[in-house]
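User: I am new to this structure and would like to learn how to read it. Could you walk me through it step by step?

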Amino acid sequence: MAMMEQQEQSPPGLNYDQQAVIAEAENIAIQLLQADEGTRRSQLSALQAEDYVMYAVVIQRMEQLKLDERNQMMQQGGQM
């Protein structure tokens, strides 16, 4: 009975640790940003086919990391 109540409380398919997904995506994003374009495209394509949720989070993290780097460069450039 308690098992059924627990299943009703959490939507099906969403039983994953969001923080773990984000941390793993961050690591993958960093590795992909350091890889050459061909390797990056190949690995992203494989990830998209294998785990679309992870793919989407990795893409988002890559964009955020690029933006953070750009903003940091602009701030350093403005301070000099």
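**Reading the model**

Analyst: Happy to! Let's begin with burial: buried residues make up 18% of the 80 residues in the protein. Please keep in mind that this is a predicted model.

User: How many helices and strands does the protein have?

Analyst: The protein has four helices and zero strands. Going along the sequence, the pattern reads α-α-α-α.

User: What share of the contacts with a separation of 6 or more comes from residues 24 or more positions apart?

Analyst: In this protein, such pairs account for 63% of those contacts.

User: Which residues make up the largest nonpolar core?

Analyst: The general idea first: in soluble globular proteins, nonpolar side chains tend to be buried together. Here, the largest nonpolar core has twelve residues: V21, A25, I28, A29, L32, L44, L47, M54, Y55, V58, M62 and L65. The elements giving two or more residues to this core are α2 (18–34), α3 (37–50) and α4 (52–79).

User: Which residues does L47 touch, beyond those up to four places away in sequence?

Analyst: With those set aside, L47 touches Y52, M54, Y55 and V58.

User: Now the aromatic rings. How many aromatic pairs are there?

Analyst: The count comes to one aromatic pair. The ring centres of Y52 and Y55 are 5.5 Å apart and the planes stand at 40 degrees, so this pair is tilted. Both residues lie in helix α4, three residues apart, which is about one turn of the helix.

User: Are Y52 and Y55 buried or exposed?

Analyst: Compare each value with the cut-offs: buried means under 20% relative accessible area, and exposed means over 50%. Y52 counts as exposed because its relative accessibility is 52%. Y55 counts as buried because its relative accessibility is 17%.

User: How should I read the charged residues, and how many salt bridges does the structure hold?

Analyst: As a general idea, side chains of opposite charge can pair when their charged atoms come close. This structure holds three salt bridges. One of them joins E26 and R61, with the closest N and O atoms 2.6 Å apart. This pair links distant parts of the chain, as E26 is in helix α2 and R61 is in helix α4, 35 residues apart.

User: What surrounds R61, and is R61 buried or exposed?

Analyst: R61 has a relative accessible area of 16%, so this residue is buried. Leaving aside neighbours within four places in sequence, R61 is in contact with A25, E26 and A29. Its salt-bridge partner E26 counts as partly exposed, at 21% relative accessibility.

User: Which residues are linked in a network of salt bridges?

Analyst: The network links E37, R40 and R41. E37 and R40 meet through their side chains at 2.8 Å, N to O, while R41 bridges to E37 with the closest N and O atoms 2.9 Å apart. E37 and R40 both lie in helix α3, three residues apart, about one turn of the helix. R41 and E37 also lie in helix α3, four residues apart, again about one turn.

Notes:
Residues are numbered from 1 along each chain as its sequence is written. This is a predicted model: local features need pLDDT of at least 70, side-chain atom pairs count only at pLDDT 80 or more; totals for chains, interfaces and linings use all residues. Side-chain values use heavy atoms; hydrogens and water are left out. Buried means under 20% relative accessible area, exposed over 50%, partly exposed in between (1.4 Å probe, protein chains only). Contact means heavy atoms within 4.5 Å. A nonpolar core is a set of buried Ala, Val, Leu, Ile, Met, Phe, Trp, Tyr and Cys residues joined through side-chain atoms within 4.5 Å. Rings of Phe, Tyr and Trp (its six-membered ring) pair if their centres lie within 6.5 Å; planes under 30 degrees apart count as stacked, over 60 as edge-to-face and the rest as tilted. A salt bridge is a side-chain nitrogen of Lys or Arg within 4 Å of a carboxyl oxygen of Asp or Glu.
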